[in-house]
Structure formats: structure tokens, C-alpha cells
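Me: Let's go through this fold in short questions. Put the model up first, please.

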Amino acid sequence: RKLMNSNKNIVFLGMMGSGKSSIGDLISKKLNIPFIDIDYLIEERAGISISKIFENKGEDYFRNLEEKITLKYLKKKKSVISLGGGGFINNNIRKVVLSDHFSFWLDWDKSVLLKRIRNSKKRPLASRSTDQEIKTIMKKRIKIYSKAQFKINCNTLTKIEIVKKIIEIYELN
Ligand code: S3P
């Protein structure tokens, strides 16, 4: 069963701090279609914050829950879906995203992301890693993120320009 383009979801992926949630929310409002934030749904299901999940139950538990919830919501049609930073790294999630949906990678320079991540308390992966470790994670992930259907180089763009670019691509496809 192949989805018609107009029924495909618009999926945002990329590192922590790349703006998946904030851009996703703006795009959903502009297109007037539902917005689904996977991190939020994971917290809602678990009843505790992502930091607490990592702390109390460990990363493997988090990754399992992330896979389950992400695959469930990817079955929706014509929604905007913001993945967690590790979502697209999961083989099962990536396969579905690439075969059935539009995927946008929000790409930024490592140094910009590092600064944003460092200022955040709600990112357990970042708070337990050194700058060098985070850069190593980024390097590994970039190879995988780059499989996305569309790459948006965000470095020189304003938020409004990023949104405009995504809408243009979406309407052409
Ligand atoms: C993670 C990113 C987070 C969240 C969790 C793990 C990651 O999402 O899912 O802390 O592995 O990159 P954001 O990218 O929305 O911060």
C-alpha cells in the first residue's frame, strides 16, 4: 500500500537542539494539519520527564518506548511529526520514514548545536557527555541523518526562512 503524497506525514529529524519541535509546530500551523511531538508523547505515556526515564529506567527502556510510540504515530496520515534526536537512528523507524513519508533533516553546524544543547537541562544524553563526546555522537549520526529525503541547511537562515523553504519543497512534491 503506497500512500498518496498528500497523505504522507512530514517528518522532522536531526540532532537535539536543531528545532524539530519548534519548526514542526510552525509548519503544522501554516499548513493547518495536526502536529505530533514524539518526545512529548513519550513523556505523557511514561508519566515522567525524559530525563527521569533515563535516570530511573535507563536508555534501553527509553529507546524501546520511543520505537513503539514512533511507529504507532507514523501510521497517521497527513500530520507533522517531530522525532526525538535518536528516532531516525533506529532502523525500524528509519525504514518506515524513508519509504512512506516526507523527511526533512534540519542541519546546523556542530558548534551551534553544541551551544544550544549545553544550555538545556532536559537532555540527559547531553548532560552526561563531554563536548568531545557529543561531537562524536554528532559525527556518527550525520551519516545517518543525511539519508533524509530533504536536507535543510539552517545555518544562514532565519526561522521564517526555514519554514518558507520547507513549505516550498512540500508544495512542489
Ligand atoms: C535524544 C534526543 C531528545 C530525546 C532524548 C534522546 C537523542 O530529543 O528524545 O533526550 O538521542 O538525541 P530532542 O532531539 O527533541 O531533544
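**Charge, burial and contacts**

Me: Where is the place of Lys143?
Reply: Numbering runs from 1 along each chain as its sequence is written, and side-chain values use heavy atoms, without hydrogens or water. This is a predicted model: local features need pLDDT of at least 70, side-chain atom pairs count only at pLDDT 80 or more, and totals for chains, interfaces and linings use all residues. Helices (H or I, at least four residues) and strands (E, at least two) are DSSP runs numbered from the N terminus. Lys143 falls in helix α8.

Me: Is Lys143 buried or exposed?
Reply: Buried means under 20% relative accessible area, exposed over 50%, partly exposed in between (1.4 Å probe, protein chains only). The areas come from the Shrake-Rupley method, with only the protein chains shown as cover for residues. Lys143 has a value of 64%, so the residue is exposed.

Me: Which helix gives the largest share of the positive patch?
Reply: Patch residues have over 30% relative accessible area and no salt bridge; like charges are joined within 9 Å, nonpolar side chains (Val, Leu, Ile, Met, Phe, Trp, Tyr) within 5 Å. Lys and Arg count as positive, Asp and Glu as negative, with His and chain ends left out, and the charge sits at NZ of Lys, CZ of Arg, CG of Asp or CD of Glu. The surface patch gathers Lys110, Lys135, Lys139, Lys140 and Lys143. Its largest share, 4 residues, comes from residues 131-145, helix α8.

Me: How many salt bridges does a search of the whole structure find?
Reply: A salt bridge puts a side-chain nitrogen of Lys or Arg within 4 Å of a carboxyl oxygen of Asp or Glu. Searching the whole structure gives a count of 7.

Me: How many residues apart in sequence are the parts tied together by Arg128 and Glu59?
Reply: Arg128 bridges to Glu59, with the closest N and O atoms 2.6 Å apart. Arg128 lies in the loop between α7 (124-127) and α8, while Glu59 is in helix α4, so the tied parts are separated in sequence by 69 residues.

Me: Which residues do salt bridges that share partners join into one network?
Reply: Glu59 is partly exposed at 25%. Shared partners build one network, made up of Glu59, Arg63, Glu66 and Arg128.

Me: With which side chain does Glu66 make a polar contact?
Reply: Glu66 sits in helix α4 (residues 59-73) and is buried at 3% relative accessibility. A polar contact is a pair of N or O atoms within 3.5 Å; within protein, one must be able to donate a hydrogen and the other to accept it, and residues adjacent in sequence count only if both atoms are side-chain atoms. At 2.9 Å, the partner of Glu66 is Arg63.

Me: In which strand is Lys151, partner of Asp107?
Reply: Asp107 and Lys151 form a salt bridge of 3.4 Å, N to O. Asp107 is in strand β4 (residues 102-107), and 44 residues separate this residue from Lys151, in strand β5.

Me: What is the phi of Asn32?
Reply: Most residues other than glycine have a negative phi. Asn32 is in the loop between α1 and β2 and is exposed at 69%. Though not a glycine, Asn32 has a positive phi of about 55°.

Definitions and conventions. Areas by Shrake-Rupley, 256 points an atom, 1.4 Å probe, with all protein chains shown as cover.
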